[in-house]
Amino acid sequence: MSAPHQKAGQKIALRASPLPGFAHINRYFDPLRKVDSAKILPGEYYVTRAAEFIVTVLGSCVSACIWDPTAKLGGMNHFMLPDPAGRQTAASLIAVATDGARYGSYAMEHLINTILKYGGRRERLRVKIVGGGCVLAGSTDIGAMNIAFVREFIANERIALVGEHVGGLTPRKVNFDPMTGRAQVKVISVMKNDTIAARERRYRKTLAQAVPGGEIELF
């Protein structure tokens, strides 16, 4: 059903502009949830203080959902590998990825610093982590490496880890609401022609043909 005063096929205008530095992020109106949404890809992160969701799909990659509940400000990243040092085996499995796309050390620092820049306070930050599935059969468990990295990073930074949906053998889709800290995770249980492994290796087509399955979990 179309929104009120909307003609068929007409694109709904987003209610808020992105913060500086995020104009390149794909933002759209989600007609099901009736909310603006920002979809991030591997190597991207997004911070907002508007009432909008942040969305991504994860295989062995991990996303950290970080927010300040008092400032009503938060964001999410999507990283492919923990850090540059000593990761040659894992890095060789993923082609055509920039340093920003690969490394959690980069992704975590940039996400936290941007939240602080726009009014967040480090002592108030909360974080939930999602992803890290073992989806590349017969190879190094990149997902486990990513999970171990992000847990250690969060502990070292003394940020409160209040929820996680990680590990396992299946990809996930996550919708994060930075205003409330609520995360909705849907497991992707069936893949066509082993597409997840191919897309994580080729990067540009990651999870493009995933078939959704399973219930949405809130945490």
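Arg158 is exposed, at 78% relative accessibility, where exposed stands for over 50% relative accessible area, buried for under 20% and partly exposed for values in between (1.4 Å probe, protein chains only). The place of this residue is the loop between helix H4 (142-157) and strand S8 (160-166), helices (H or I, at least four residues) and strands (E, at least two) being DSSP runs numbered from the N terminus. The model is a predicted one, in which local features need pLDDT of at least 70 and side-chain atom pairs count only at pLDDT 80 or more, whereas totals for chains, interfaces and linings use all residues. Residues are numbered from 1 along each chain as its sequence is written, and side-chain values use heavy atoms, with hydrogens and water left out.

The phi angle of Arg158 is near 55 degrees, a positive value in a residue other than glycine. Most residues other than glycine have a negative phi. Phi of Lys72 is likewise positive and near 55 degrees; Lys72 is found in the loop between strand S5 (62-68) and strand S6 (73-77) and is partly exposed, with a relative accessible area of 43%.

Five strands form an open sheet of mixed pairing, in the order S3-S6-S5-S7-S8, two strands being taken to pair if DSSP finds at least two bridges between them. Strand S3 (45-48) and S8 are the edge strands, each pairing on one side only. Neighbouring strands of the sheet are turned by 10 degrees against each other on average, direction ignored; the axes are lines fitted to C-alpha atoms, for helices over the stretch in contact, and angles run from 0 to 180 degrees between N-to-C directions. S5 and strand S7 (residues 126-131) pair in the antiparallel sense over six bridges, and in S7 the bridge partner of Ile66 is Val127. H4 packs on the sheet, touching S5, S7 and S8, and its direction makes about 175 degrees with that of S7. Helix H3 (residues 104-117) lies across S3, S5 and S6 and runs at about 165 degrees to S6.

The largest nonpolar core has 40 residues, and Val47, Ile66, Met108 and Val150 are those with the most contacts inside it; such a core is a set of buried Ala, Val, Leu, Ile, Met, Phe, Trp, Tyr and Cys residues joined through side-chain atoms within 4.5 Å. A second, separate core of five residues includes Leu81, Tyr103, Leu136 and Ile142. Not counting residues up to four places away in sequence, Ile66 touches, among others, Met108, Leu111, Val127 and Phe176, contact meaning heavy atoms within 4.5 Å.

Asn77, in strand S6, is buried, with a relative accessible area of 0%. The side chain of Asn77 reaches the backbone nitrogen of Ala64 at 2.8 Å and the backbone oxygen of Ala107 at 3.3 Å. Leaving aside neighbours within four places in sequence, residues in contact with Asn77 include Ile40, Tyr45, Met108 and Leu111.

Asp83, in the loop between S6 and helix H1 (88-91), counts as buried at 18% relative accessibility. The C-alpha atoms of Asp83 and Tyr103 are separated by 4.6 Å, although the two residues stand 20 residues apart along the chain. Beyond four places in sequence, Asp83 touches Tyr103, Gly104, Ser105 and Phe149.

Cys61 is buried at 2% relative accessibility, and Cys65 is buried with a relative accessible area of 0%. The structure holds zero disulfides, a disulfide being a pair of cysteine sulfur atoms within 2.5 Å.

Note on methods
A polar contact is a pair of N or O atoms within 3.5 Å; within protein, one must be able to donate a hydrogen and the other to accept it, and residues adjacent in sequence count only if both atoms are side-chain atoms.
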